[in-house]
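Start with the model itself.

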Amino acid sequence: MLRMEKIASGARIHSASQTQLHKKSLFSKIMTAMRPYLMVAPAMAVFGVFILYPIFYMIYLSFFDWNLIGDMKYIGLENYTDMLGDKDFWQVLGNSVYYMVMVVIFEMVLSLLLAAYLNRNTRTNRILQSIAFTPYITSMVSVAFIWMWLMDSDYGLLNYLLSLVGIGPVGWLSDPKVAMNSLVLVSVWKGLGYNTIIIISAMQSVPGYLYEAAALDKTPKWKSFWKITLPMISPTLFFLALMNIIAALKVFETVNIMTQGGPMNSTNTLVYNIYQYGFEYFKIGYASALGVALMVVIGFFTLIYFRVLSKRVYYN
Amino acid sequence: MKGKVITMKRFASICLIAAMMVSMSSCASETSASTSSASSSSSASSSDAESTASATDSSSDNGGDTIELTYWYAWTDKIQENNENLVAKFNETVGAEKGIHVTAEYQGTYDDVHQKLQAAYVAGDTPDVSVMEIGSVGTFARNGVLQPLDEYFERDNIDTSDFFEGLMINCEVDGHYYGLPYLRSTPILYMNTTLLEQAGLDTAGPATWDELADYCRTIKEKTGAYGLSMYSYVWTFEAFMMEQGTSVLNEDETACNIDTDECRYVMHFFQDLINEGVVRCVAGEDSSKVDTDYINQNTAMWMTSTANLTSVLSVAEENGFEVNTCYIPAGETYGVPTGGCNLIMPSSLTDEHKDAAWEFIKWMTATDQSAYASAYTGYVPNSKSAAETETITSLWETTPQFKVALDQLELYGQGRPKTTAYAQVEDELVAMMDACWVNGADVDSTVAETAATINDLLADAN
């Protein structure tokens, strides 16, 4: 600031002959002020066009009855009252929440155990780590098809293995009580490697002297894991769990490929339901209302999660 | 050492960029297939517009510039070959003569075609001609997407009575024609006669539902295979309802006939046979299991479209069994819905493109082409004149199974519901069949619940 004033006063003294300097300083002043906005402008433009605008347009559309090609008919809150009064909606919402809770619990616990096991930096572990990571880089579509094959009730490998130990065939994807759990299994299997790698890297950044101090006190291994490792990696766990919650609430590919929401709507989730209403039944307004519901649900869980857990996270 | 690290990093980042580009381009490829053609056709149309503006003649005999048309079709394999062959022939003959060139583009399943067509219409970038599953014609026509063809019918004296009556029902919406029947079919009953003979049964097949039940029991007892393998399929369910003398929806499509004795009878009839273990029903999304069942001779009978006849016959030959076909057995009466697709054109085309598109539709559905398509795929010939051609009559001599479908169509073929709510109604029906036939739910309560839901949907749509 001071320097600017000096330049400005200097410019006033040297008036006429030095207007060039004055102008330039004003220009550069504006540029300095604008620079951060210019820097983020491209990113904000993309964000605005592909995220913000669609969100507001979706909210707008949710007040209409529209099939994408005919005339738009304003119907106020009817889509919302229809939605809340539809037992299918509550079933779908229940399915989504069930799926999310199961995926997050299994994924976090299993990947934590796996990470603890693979944490030591040996040659075998490095190989095992890359093996565990492979499902993550495989396309979800191929994963879904392969698991569909494994879970086939007549000719699938899983039922064959079960038959060897004398257990009757399980309708992995055709039994309404089992199908959702099969989707959870696929999702956990696919995401495990990624979570494990992230947790391992967090574990390896825990300073060694903490463990040395614990070892001097003859602390048992499980206790140093519980009292040192866990608190130290809690920011990472917090982040991972949040990412998993959001991803699980947005599940689509496995549902679309493996079950199409069936049998008897038992695996229909919010996003798949939106797809059905939007592109199979051509009810864009109702699909938009569902989209708003999804946004609210994700927002709700994220908020709860921050409220409840963020205080328990240890940041250095 | 440090230099090596940097080059490694640079190498890694180049790999990463390359990978991203590959993945992005592969994502885009599916959509670009549809858009690239659209853009090429639109650029062609603009140059056409200039040239014909000077000619000021809508009839395109002037042999100068050709009009580029895009044509969307569904399905691969024999059906794809049929489409490509016919389009190539059109371009060589009538197209070359009238200055029209058609590019055929594969779009996936019927659902894919409909979704893309909807998006293309909103974006103002439609194909000039497209196939459309007959159940969706009503929805698209009522929203103004489809061009009514009445004036073209009149102009060229199209004899609608030559087409089979059952096939024209879904070409007409609210008193206007919106398409002509192209690749059309009905469901028929396929039988593995090798298994039937083994069970000591008449290979002509069951004629009534009672006989069907007897057949199933005998087959299971004598051969161990299922009598009938089926899946929760709305199309055959429509046939069952027609055979009980009713239909899924009432005539003006304001309510359903699901909560009726007829429907309960249908649901109980199959549920009993399924519980006895002589019929197997799998969930709607497991339809491919019916195919595995008949290929492995795990079932003696199955119901599917006539369009599959060619491939079923070749599968049977490979696996060493004989196949016969017959009508879907009669309940109170015989009756089947028709299926398959019509050819349509969007209402958003320029007049010049409409004229050209009409030439193409007219040619594709004309006698000789229909006979060719029928013989090539197994779809039924769409008109009486096509059924009388040399191509078809000689086919019937070698493979009489083809004739069953056409006889059934001619005598008992009916339309499909046209209401915009039907896509959602279909999902409800599949859920009902899944519940009763796959998961053993109580028929009476499930039927009542489904009926209430469907009636709500229909009330919303009207």
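Is Y334(B) buried, partly exposed or exposed? Y334(B) is partly exposed, with a relative accessible area of 24%. Buried means under 20% relative accessible area, exposed over 50%, and partly exposed in between (1.4 Å probe, protein chains only).

## Basis

This is a predicted model: local features need pLDDT of at least 70, side-chain atom pairs count only at pLDDT 80 or more, and totals for chains, interfaces and linings use all residues. Residues are numbered from 1 along each chain as its sequence is written, chains are lettered from A and ligands numbered from 1 in the order written, and side-chain values use heavy atoms, without hydrogens and water.

## Aromatic pairs

Over all chains there are 44 aromatic pairs. Rings of Phe, Tyr and Trp (its six-membered ring) pair if their centres lie within 6.5 Å; planes under 30 degrees apart count as stacked, over 60 as edge-to-face, the rest as tilted.

F90(B) and F360(B) have ring centres 5.0 Å apart and planes at 80°, so they pair edge-to-face. F90(B) lies in helix α2 (residues 77–92) of chain B and F360(B) in helix α14 (residues 351–364) of chain B, so the pair ties together parts 270 residues apart in sequence. Helices are DSSP runs (H or I, at least four residues), numbered from the N terminus. Both F90(B) and F360(B) are buried.

For Y327(B) and Y334(B), the centres are 5.1 Å apart and the planes at 90°, so this pair is edge-to-face. Y327(B) is buried, at 18% relative accessible area.

## Cluster

One aromatic cluster is formed by Y71(B), Y73(B), F90(B), Y106(B), F360(B) and W363(B).

Conventions:
Helix = DSSP H or I, 4+ residues; strand = E, 2+ residues; numbered from the N terminus.
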